[in-house]
Amino acid sequence: MPLCILPSRAVFTSLAIACLLSSGCSTSQLVARGASPLIDHGVTAMNRETDLELARASIPANLKMIEALLLADPDSTAYRVQAAMGFYGYALGFVEADDRDRAAALYLRARDHAQAALDREKVTPATLTGNAAELERALARLDARAVPALFWTASPWGKWIELQLDDPARLAELPRVEALMQRVLALDETYYHGGAHVFFGVYYGGRAPMFGGDFARAARHFDRAAELNRNQFLLVEVYRARYLLRQTGDRAAFHATLNRVLDAPSSADPDLNLANALAKKQATELLSQEEDLF
């Protein structure tokens, strides 16, 4: 087990003086920024968890810890992105199936955290909701450093809209979510296991062609995501079945795809443990609904 090496009092004092003199940061900001490696390890440990009940019980406290650190250091892009990832993952994995209203609120909370990080890249909330051409110009100025903020703004925003499809005002926001994800694809298609490709697989696969769906395009995005993560990220296949194969009415492929998820061995990448455990849980639930879905 690795040991946590703490800095000596002299080193800590030097860091504190340097921080206070150079940037005017408070003692609480210094503590918050010093906690960053521990938070990173906590995120890794959670991603490697295989016990879903332990994860469900642990995530809320971890999220409140990150929000406490944000009270001390509200401009921390890293903590904003981690909060967005955490609230999104918690809502998706443990809340949405039982309480859609609560999940919608958590998705919005996740989006707002990531949006604060995007604001640091000079893509403000007003830009996100304002003139479409201005948004495109703002996105075009971004480089790869903005990818996490872009992705984690778009992902929960898209899920929030998905849970409110009966509201025309929400549907009108979808092109803006699409614009953010298109920029992620342009800057780094590999980010989060090819997550932008998964998004577009769902985006084009979950709708009939008369409403903007494109099944061939959806299949290409799912295939590319699977290629990028070497078929290790099982949620790709769960979403392929849930959105594309269900929409095309291909019950045999739906059944076979979800059973392959259930039969898949443990990933060689331990950082996918939690995501893949959730994928298997969702695959089981979808198979139990097969008669009703088809």
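User: Is R111 buried or exposed?
Analyst: R111 is buried, at a relative accessible area of 13%. The cut-off for buried is under 20%. Keep in mind that this is a predicted model.

User: Which helix does R111 lie in?
Analyst: Helix α6, which runs over residues 100-119.

User: What is R111 in contact with, beyond four places in sequence?
Analyst: W152, T153, P156, W157, W160 and E173.

User: Which residue does R111 form a salt bridge with?
Analyst: D112. The closest N and O atoms are 3.2 Å apart.

User: And D112, how accessible is that one?
Analyst: D112 has 38% relative accessibility, so it counts as partly exposed.

User: What covers them?
Analyst: The cover includes α4, α5 (77-95), α7 (125-129), α9 (147-162) and α11 (174-188).

User: What span should α6 have, and what does the model give?
Analyst: At 1.5 Å a residue, its 20 residues should span 28 Å. The end C-alpha atoms are 28 Å apart, so the two values agree.

User: New topic, the nonpolar core. Which residues touch the most other members of the largest one?
Analyst: L180 and V238. That core has 80 residues.

User: What does L180 touch, leaving out residues up to four places away?
Analyst: L118, L128, L135, L139, L150, T153, A154 and W157. L118 is also among the buried residues of α6. T153 and W157 are also in contact with R111.

User: What about a second core, how many residues does it have?
Analyst: Six. This core is separate, and I39, L69, L70 and Y79 are among its members.

User: Salt bridges now. How many in the whole structure?
Analyst: A search finds 19.

User: Which residue does E67 pair with?
Analyst: K64. Their closest N and O atoms are 2.7 Å apart.

User: Where do E67 and K64 sit relative to each other?
Analyst: Both are in helix α4 (residues 52-72), three residues apart. That separates them by about one helical turn.

User: Why does that spacing matter for direction?
Analyst: An α-helix has 3.6 residues a turn, so residues three or four places apart point the same way. Side chains of opposite charge can pair when their charged atoms come close.

User: What about K281 and E285, where do they lie?
Analyst: In helix α16 (residues 273-288), four residues apart, which is about one turn. K281 is partly exposed at 27% relative accessibility. E285 is partly exposed too, with a relative accessible area of 29%.

User: Which residues are linked in a salt-bridge network?
Analyst: E96, K159, E162 and R242.

User: Last one, confidence. What is the average pLDDT of the chain?
Analyst: It is 90, and 90% of the residues score at least 70.

User: Where does pLDDT stay under 50?
Analyst: Over residues 1-23. The model has eleven contacts beyond four places in sequence for that stretch. Where pLDDT is low, the predicted coordinates should not be read in detail.

How values were computed: Residues are numbered from 1 along each chain as its sequence is written. Side-chain values use heavy atoms; hydrogens and water are left out. A nonpolar core is a set of buried Ala, Val, Leu, Ile, Met, Phe, Trp, Tyr and Cys residues joined through side-chain atoms within 4.5 Å. Buried means under 20% relative accessible area, exposed over 50%, partly exposed in between (1.4 Å probe, protein chains only). Contact means heavy atoms within 4.5 Å. Helices (H or I, at least four residues) and strands (E, at least two) are DSSP runs, numbered from the N terminus. A salt bridge is a side-chain nitrogen of Lys or Arg within 4 Å of a carboxyl oxygen of Asp or Glu. The expected span of a helix is 1.5 Å times one less than its number of residues. pLDDT is the predictor's confidence in each residue, from 0 to 100.
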